[in-house]
Amino acid sequence: MALRVALVFGLLAAASARAERPSVVILLADDLGWRDLSATGSTFYQTPHIDRVFSEGARFENGYASCQVCSPTRASLMTGKTPARHGITNWIGAPAGDSHRRNTVCISADYRRELPAADVTLAEALRDAGYRTFFAGKWHLGGEGSLPTDHGFQINKGGHHKGSPPGGYFAPYKNPKLADGPAGEHLPARLAEETAGFIRDAAGGPFLAVLSFYSVHGPLQTTRARWDANRREALAGPRPSHRFHFDRRMPMRIVQDHPVYAGMVEAMDDAVGRVLAALEENHLSENTIVVFASDNGGVVAGDGRATSNLPLRGGKGWQWEGGFRTPLAIRFPSRIPGGTTVDAPAITCDFYPTVLDLCGLPPRPEQHTDGLSLVPAMRGGELPARPLFWHYPHYGNQGGEPSSVVRDGGWKLIRYHEDGRQELYHLAADPGEQTDLAQSEPERLAGLARLLDDWLAETHAVLPGKNPNYDAAAAAKDLELLRTTGMQRDEQQAAAMLEEDWRPNPTWWGSEPAD
């Protein structure tokens with residue numbers, strides 16, 4: 001009898017512990033730049049709901065994505081491992097190896113094309129601890145056999161193999177994992193409603209909800225009303241003499257006044273507001289961890305040319321800070337003081353052990369190999385000193401170069417795989433990476449190079465090969481075209497979008513009925 005009573009009380013205690021555990025909401029933006037929030041310094045984009053997460057939680061001044069493109073970072077969030085280790089080093093679907101036919105010095109390395117089944121994902125860890133699990137939005141970590149429901153999520157709304165919304169941002173979505181809404185329904189709003197509905201239904205116990213926005217990835221689309229309001233806002237400010245400058249290989253946007261992109265940022269912010277409201281309506285705000293992050297830096301060149309990351313250099317796809325430094329905040333009112341600022345560098349791999357720590361669950365050091373819990377820093381303590389590493393043995397769509405990077409303290413080394421050259425920057429004094437100190441700091445350069453060598457060997461990082469058909473003269477000609485006619489084209493298109501009679505198409509991408 002006593003044994004049966006003890007067993008019953010043990011089961012009740014376990015159930016009570018599960019019920020008291022915090023829930024988790026992860027809000028992951030796509031291609032949102034470090035300065036694309038009013039909370040992080042933008043005077044053009046308006047993001048009052050996301051700003052709340054920053055003001056009511058801990059904001060990370062040195063938040064980093066695990067890669068300068070999307071799929072690798074998303075895999076790091078799920079596994080707690082760096083891209084060089086889990087093998088997804090490029091966005092899934094990008095050409096590699098012999099299929100890479102561009103006229104480049106190197107041939108991009110091959111890479112894994114789906115999330116490894118052997119890894120215990122964050123979703124699986126929480127599911128096994130009694131959490132209900134939900135995913136909405138962009139997955140881009142494999143197709144059938146490697147969908148969210150194959151990696152620990154019990155519900156999937158919209159996650160499939162593609163990285164862009166196949167039907168655009170207005171219904172019909174043409175998404176095999178998301179039923180179409182009425183014509184003209186807006187995708188970020190729909191994903192927010194799906195997430196809010198799950199929160200309401202799961203309010204009786206702990207849950208993990210990942211809202212992984214397709215926003216603000218291309219195609220760049222918004223409503224006529226949002227475009228016009230942001231166009232007027234841009235024209236009310238100072239008129240720039242130019243919106244692009246040429247850096248290394250591409251024209252790069254240096255002004256935030258893209259009215260369509262601004263509309264997309266606002267729509268995503270409204271969606272975040274709906275999710276936060278769902279937590280409040282169900283009295284869950286105090287005991288819910290909310291993480292807001294982006295999968296890579298803002299797009300300044302290449303596909304969309306949407307934003308500016310200044311004073312940081314570069315953007316999505318690039319090896320400079322604008323490529324992988326991103327907004328990051330974690331809100332947990334019952335345990336993290338609002339208004340906390342963390343200066344220590346943090347990276348996507350850290351989310352896994354941090355969530356486990358905040359949920360009172362044991363760490364899985366054999367799984368989240370490259371992450372550490374950020375909880376001590378959010379409570380005013382210190383994190384262990386550590387270097388951070390990035391490895392991208394590919395050419396980005398936006399012009400970035402095959403490279404590996406190490407940051408240690410305030411110093412950053414970039415190694416280029418085309419020719420082995422290295423750049424050294426003192427980020428503490430030069431966050432815009434304008435002064436290369438490789439020649440004047442040889443000892444520091446050598447020390448960082450050894451760190452990088454050891455890490456590349458330890459992770460078995462795959463390197464790009466050399467292209468035997470590289471034509472230097474043709475490449476120089478293409479570069480000069482980008483510097484001249486390419487820059488001119490970008491300037492003209494950016495200015496035209498602010499004209500009152502600008503129209504993308506008759507239905508504004510499907511947000512309005514056809515005439």
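The model is a predicted one, in which local features need pLDDT of at least 70 and side-chain atom pairs count only at pLDDT 80 or more, while totals for chains, interfaces and linings use all residues. Residues are numbered from 1 along each chain as its sequence is written, and side-chain values use heavy atoms, with hydrogens and water left out.

Helix α2 itself spans residues 48-56, and its buried residues include Ile50, Asp51, Val53 and Phe54; buried means under 20% relative accessible area, exposed over 50%, and partly exposed in between, with a 1.4 Å probe and protein chains only. Viewed down the axis of α2, the buried residues fall within an arc of 150°, so they line one face of the helix. The arc is taken from the directions that run from the helix axis to the C-beta atoms.

Open spaces come next. A 1 Å grid over the protein atoms alone was used: a cavity is a set of points where a 1.4 Å probe fits but cannot get out, a pocket is an open set with protein on both sides within 12 Å along at least five of seven lines, and lining residues have an atom within 4 Å of a point. Grid points are joined across faces, edges and corners, and a volume is the space filled by probe spheres set on the points. The largest pocket holds about 480 Å³ of space. Its lining has 21 residues, and Asn103, Thr104, Arg249, Ala475 and Leu479 are the closest to the centre. Helix α13 (residues 472-496) supplies the largest share of this lining, with six residues. By class, the lining of the largest pocket has nine nonpolar, seven polar and five charged residues, where Ala, Val, Leu, Ile, Met, Phe, Trp, Tyr, Cys and Pro count as nonpolar, Asp, Glu, Lys and Arg as charged, and the others, Gly among them, as polar.

The second largest pocket has about 250 Å³ of space. Of its 16 lining residues, Ala234, Pro238, Val255, Gln256 and Asp257 lie nearest the centre. This lining divides into eight nonpolar, three polar and five charged residues.

The largest cavity contains about 60 Å³, and its lining is made up of Leu28, Arg74, Leu77, Met78, Phe135, Lys138, Trp139, Leu141, Val210 and Ser212. Two or more of these residues come from each of α3 (70-79) and β7 (207-212), with α3 giving the most, three residues. Seven residues of the lining of the largest cavity are nonpolar, one is polar and two are charged. The second largest cavity, of about 40 Å³, is lined by Asp31, Val216, His217, Gly218, Leu220, Tyr261, Val299, Asp303 and Ala306. That lining comprises five nonpolar, two polar and two charged residues.

Aromatic rings were then paired. Rings of Phe, Tyr and Trp (its six-membered ring) pair if their centres lie within 6.5 Å; planes under 30 degrees apart count as stacked, over 60 as edge-to-face and the rest as tilted. The count by this rule is 18 aromatic pairs. One of them joins Phe44 and Tyr45 in a tilted arrangement, 5.5 Å centre to centre and with 55° between the planes. Phe44 is buried at 6% relative accessibility, and Tyr45 is buried at 1%. Phe198 and Phe207 make an edge-to-face pair, with 5.6 Å from centre to centre and 85° between the planes. Phe198 is buried, with a relative accessible area of 5%, and Phe207 is buried at 0%. Trp227, Trp502, Trp508 and Trp509 form one aromatic cluster.

Two loop residues complete the picture. Ser285 sits in the loop between α8 and β10 and is buried, with a relative accessible area of 15%. Apart from neighbours within four places in sequence, Ser285 is in contact with Leu276, Leu279, Glu280, Arg331 and Pro333. Pro116 lies in the loop between β4 (106-107) and α5 (122-128) and is buried at 10% relative accessibility. With neighbours within four places in sequence again left aside, Pro116 is in contact with His86 and His151. The C-alpha atoms of Pro116 and Thr79 are separated by 9.0 Å, although the two residues are 37 residues apart along the chain.

Key. Helices (H or I, at least four residues) and strands (E, at least two) are DSSP runs, numbered from the N terminus. Contact means heavy atoms within 4.5 Å.
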